[in-house]
Amino acid sequence: MFAETPFAGVHRLVWFDWAMLIPYFTVLVILSVYGLHRYETIRTYFKHRKKATTEPSARLFDRLPQVTIQLPLYNERYVVERLIDEVVKIEYPKELLQIQVLDDSTDDTAPFAEALVERYRNIGYPIEYHHRSNRHGFKAGALQEGLKSATGEFVAVFDADFCPPPDFLHRTVHFFTDPSVGVVQTRWSYLNREYNFLTEVEAILLDGHFILEHGARSRAGYFFNFNGTAGILRIKMIDDAGGWQHDTLTEDSDLSYRAQLKGWRFVYLPGLECPSELPVEMHSFQVQQSRWAKGLTQVARKLLPAILKADIPKRVKAEAFLHLTPNISYPLMIVVSALMLPVMIVRFYMGMWQMVLFDLPLIAASFWSISAFYVVAQRELHPKSWKRTILMLPLLMAVGVGLTIINTRAVLEALFGVQTAFARTAKYAIGDRPVNLEVKKYRRRSGWLPYAEILVGTYFAAMVAFAIETYNFFSIPFLLLFVCGYYWTGFGTLYQEYQGRLQWLKQQRLALARQA
């Protein structure tokens, strides 16, 4: 391309520099857009901070309405008893209440749950058991099927790992005196927040969503989503929006956007907590997150055209776009990872100030925004203990890195229309007793995923060695996050599966000994 002159090598280096740097920084700029959106979310939250909803703006019901509570289950042997025990404690007139246990289980959960329901029905609770012989539509299909026999005007939904407070209905149902309200969503809290480092990181991640994202969107008049559980919905709204549909894995977000496009108003109650259980195993957490990533991307693919064409304010459209598409950052992180080593080699020949000129604004827009977002959320929620979050930030970012491979696959499947089954998240009634991992069928085998994560982690470890050799110390902490993230998810998953196999073999030996 260039004439062979004494400067030819320099020209080729310059051309190679930009060939590497242009796509690399283009991807970082796109990632920075989502980082800047976090700053905007924080700003919006504080701007509308005083608008938090606490009490119904309209009058209370003179006569309480009928309410149906739906409890969708699928192989939830270890938590179903706790769920039903807590739900029957909800304070509401029995003659106005209907509790539906919607069980799609294919294991011994079904007879166990049916016996529980029979026991409570015999002592006067308005509870009924529904079992489907197929999982058509998964959770969305079960909820829609339950509506056919629902007697309530409103329906509250609780997943199997939730423990609703006794006053849940009395604190939510009166918001529906406003005929435009379609959903009342409450805030999740966590029974096992301090079980291990993973559950603590998960709680911080979810708190960011429930404190800042939901808080900012609900108070600023943007669209926000029902979270699939710990909320109550108007059945008329569900029907008007087209019912529960199962062409995405996040049927809750899908229904939420369809309903709000129809003009229904959603209410968020940050002051009403609904305790739940967090996944304690790395692979269970990854499966949950990949389901959410794929489902939200499916909703974006399905509804963004209608949202962008709708007669709603541009700021609402922009927020909806950024809300539904953030998981595209995972495939982009794969691109960044692939380019990072050649870019490091190229940048070895660049001056330090050139690197700072490029890097500092991008780091501030992307990685610093993550830190600010979650620290602010914890300070709002836990004003006395929020400083611990600063110490947890490296773990939080490492866990985020560890989701890259599985969530990239999920996003690409969503974009290319690949349909997969609804993958349940294993639950063990943690908080009531030690985690029970004895049943091997409740543990998902991770397959090739942890080995791929370890391989990528080793790639980044090699980059750390290269950075040390080339005195590029500025990049080492950043690279170590990738090493720790991929190694934590990869080795952590393999270790937990190994422990599970040992536990299963031990129980098999004990069973054989008892038979002998």
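**Note on the predicted model: sheet, cores and single sites**

1. A search of the whole structure finds 0 disulfides, a disulfide being a pair of cysteine sulfur atoms within 2.5 Å. Cys 274 is in none, and the nearest cysteine sulfur, that of Cys 163, is 7.8 Å away. Cys 274 is buried at 0% relative accessibility. Cys 484 is partly exposed, at 43% relative accessible area. Here buried means under 20% relative accessible area, exposed over 50%, and partly exposed in between, with a 1.4 Å probe and protein chains only.

2. On the basis of the values: this is a predicted model, where local features need pLDDT of at least 70, side-chain atom pairs count only at pLDDT 80 or more, and totals for chains, interfaces and linings use all residues. Residues are numbered from 1 along each chain as its sequence is written, and side-chain values use heavy atoms, with hydrogens and water left out.

3. The sheet is open and has 7 strands, in the order E3-E2-E1-E4-E6-E5-E7, with mixed pairing. Strand E3 (127-131) and strand E7 (265-276) stand at the edges; each has a single partner strand, so one side of each lacks a neighbour in the sheet. Neighbouring strands are turned by 25° against each other on average, direction ignored. Strands pair if DSSP finds at least two bridges between them. Helices (H or I, at least four residues) and strands (E, at least two) are DSSP runs, numbered from the N terminus.

4. Strand E1 (residues 67-73) pairs with strand E2 (residues 97-103) in the parallel sense, over 7 bridges. Within this pair, Ile 69 stands opposite Ile 99 in E2. Helix H2 (residues 80-87) packs on the sheet and touches E1, E2 and E3; its direction makes about 170° with that of E1. Axes are lines fitted to C-alpha atoms, for helices over the stretch in contact, and angles run from 0 to 180 degrees between N-to-C directions. Contact means heavy atoms within 4.5 Å.

5. Which residues of H2 are buried? They are Val 80, Arg 82, Leu 83, Ile 84 and Val 87. Their cover includes E1, E2, helix H3 (109-122) and E3. Elsewhere, helix H6 (residues 197-220) lies across strand E5 (181-190) and E7, and runs at about 150° to E5.

6. The largest nonpolar core has 68 residues; Ile 69, Ile 84, Phe 158, Leu 169 and Leu 233 touch the most other members. E7 gives the largest share of this core, 6 residues. A nonpolar core is a set of buried Ala, Val, Leu, Ile, Met, Phe, Trp, Tyr and Cys residues joined through side-chain atoms within 4.5 Å. A second, separate core of 27 residues includes Val 27, Leu 31, Leu 449 and Tyr 486.

7. Phe 158 deserves a look. Not counting residues up to four places away in sequence, Phe 158 has contacts that include Ile 69, Leu 71, Leu 83, Phe 168 and Cys 274.

8. Gly 231 is found in strand E6 (residues 231-234). Gly 231 is buried, with a relative accessible area of 0%. Its C-alpha atom is separated by 5.8 Å from that of Thr 186, 45 residues apart along the chain. Beyond four places in sequence, Gly 231 touches residues including Val 157, Phe 168 and Val 184.

9. Ser 329 is found in helix H11 (residues 329-347). Ser 329 is buried, at 17% relative accessible area. Its side chain reaches the backbone oxygen of Pro 326 at 2.8 Å.

Conventions:
Polar contact = N/O pair within 3.5 Å; in protein donor to acceptor, adjacent residues only side chain to side chain.
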